[in-house]
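I opened my notebook and went through this one piece by piece. Below is what I looked up, in the order I looked.

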Amino acid sequence: QVQLVESGGGLVQAGGSLRLSCAASGRTFSNYVMGWFRQAPGKEREFVAAITWSGGSIYYRDSVKGRFTISRDNVKNTMYLQMNSLKPEDTAVYHCAAKQGAVWGPYVTDPAKYDYWGQGTQVTVSS
């Protein structure tokens, strides 16, 4: 059974930073694509960033480029999202997700393509 558990969310002022973690367990994730998505109240879930577990290919949505950094620690089976220069529009529940047996491609931005999801962690940015 694959489990993804997010942590690190909280309340921060605009311009501040947070680091989210996604601890993965249940199997070897060497051939998985991992992603971060977010969902604000009344809005659809949207792609934030994705990374291959072993190869290090990375992709970001345009609005977070230069502010967010996705990374992973294969020894700890953990993925991270370092978020700097946070803005009120970044407020959302952030979820990590995993896609099994994945080859890198444009699909990484589509939440419907992912197989496993965490429960989410709330990020609130005050103005």
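Predicted model: local features only at pLDDT ≥ 70, side-chain atom pairs only at ≥ 80, totals over all residues.

**Entry 1: the sheet around E8**

I started with a pairing and found Leu18 standing opposite Met83, which is in E8.

Next I asked how E3 and E8 run relative to each other, parallel or antiparallel? They pair in the antiparallel sense, over six bridges. Then I checked the pairing of E8 with E7, and that is antiparallel too, also over six bridges. I picked out two residue pairs here: Thr69 stands opposite Gln82 in E8, and Ser71 has Tyr80 in E8 as its bridge partner.

Stepping back, I wrote down the strand order of this open sheet of four strands: E1-E3-E8-E7, with antiparallel pairing. Which strands stand at the edges? Strand E1 (3–7) and E7 do, each with a single partner strand, so one side of each has no neighbour in the sheet. I also looked up the twist, which averages 15° from one strand to the next.

Is E8 enclosed or open to the outside? Five of its six residues are buried, so E8 is largely enclosed by the rest of the structure.

**Entry 2: the turn at Asn77**

E7 and E8 form a hairpin, and four residues sit between them. I zoomed in on Asn77, found in the loop between E7 and E8. In this turn Asn77 has a positive phi of about 55°.

What does Asn77 touch, once I skip residues up to four places away in sequence? My list reads Cys22, Ala23, Ala24, Arg27, Phe29 and Trp53.

A reminder to myself: in soluble globular proteins, nonpolar side chains tend to be buried together.

Here the largest nonpolar core has 29 residues. Which of them touch the most other members? They are Met34, Trp36, Met79, Leu81, Met83 and Tyr94. I then listed the elements that give two or more residues to this core: strands E3 (18–25), E4 (33–39), E5 (46–52), E7 (68–73), E8 (78–83), E9 (92–99) and E11 (121–126). Apart from this core lies another one, of nine residues, including Val33, Phe37, Tyr107 and Tyr114.

I followed up on Tyr94. Leaving aside neighbours within four places in sequence, Tyr94 is in contact with residues including Glu6, Leu20, Trp36, Phe68, Leu81, Met83 and Val123. Arg38 is on that contact list too, and Arg38 took me to the next entry.

**Entry 3: the salt bridges**

Another reminder: side chains of opposite charge can pair when their charged atoms come close.

How many salt bridges are there? The count comes to five. I took three of them in turn.

- Arg38 and Glu46 meet through their side chains at 2.6 Å, N to O. Arg38 counts as buried at 6% relative accessibility, while Glu46 is partly exposed at 27%.
- Asp90 and Arg38 meet in a salt bridge at 3.0 Å, N to O. Asp90 lies in the loop between E8 and E9 and Arg38 in strand E4, so this pair ties together parts 52 residues apart in sequence. Asp90 is buried, with 1% relative accessibility.
- Glu46 and Arg61 meet in a salt bridge at 3.6 Å, N to O. This pair links distant parts of the chain, with Glu46 in strand E5 and Arg61 in the loop between strand E6 (58–60) and E7, 15 residues apart. Arg61 counts as partly exposed at 25% relative accessibility.

I sketched how they join up: Arg38, Glu46, Arg61, Arg67 and Asp90 are linked in a network of salt bridges.

**Entry 4: out at Ala112**

Last stop, Ala112, whose place is in the loop between E9 and strand E10 (116–117). Is Ala112 buried or exposed? It is exposed, with a relative accessible area of 67%. I also checked Ala112 against Gly8: they are 104 residues apart in sequence and 25 Å apart in space, C-alpha to C-alpha.

Note on methods: Residues numbered from 1 in each chain as written. Heavy atoms only, no water. Core = buried A, V, L, I, M, F, W, Y, C linked by side-chain atoms within 4.5 Å. Buried < 20%, exposed > 50% of the residue type's maximum accessible area, 1.4 Å probe, protein only. Contact = heavy atoms within 4.5 Å. Pairing = 2+ DSSP bridges. Salt bridge = Lys/Arg side-chain N within 4 Å of Asp/Glu carboxyl O. Axes fitted to C-alpha atoms, helices over the stretch in contact; angles between N-to-C directions.
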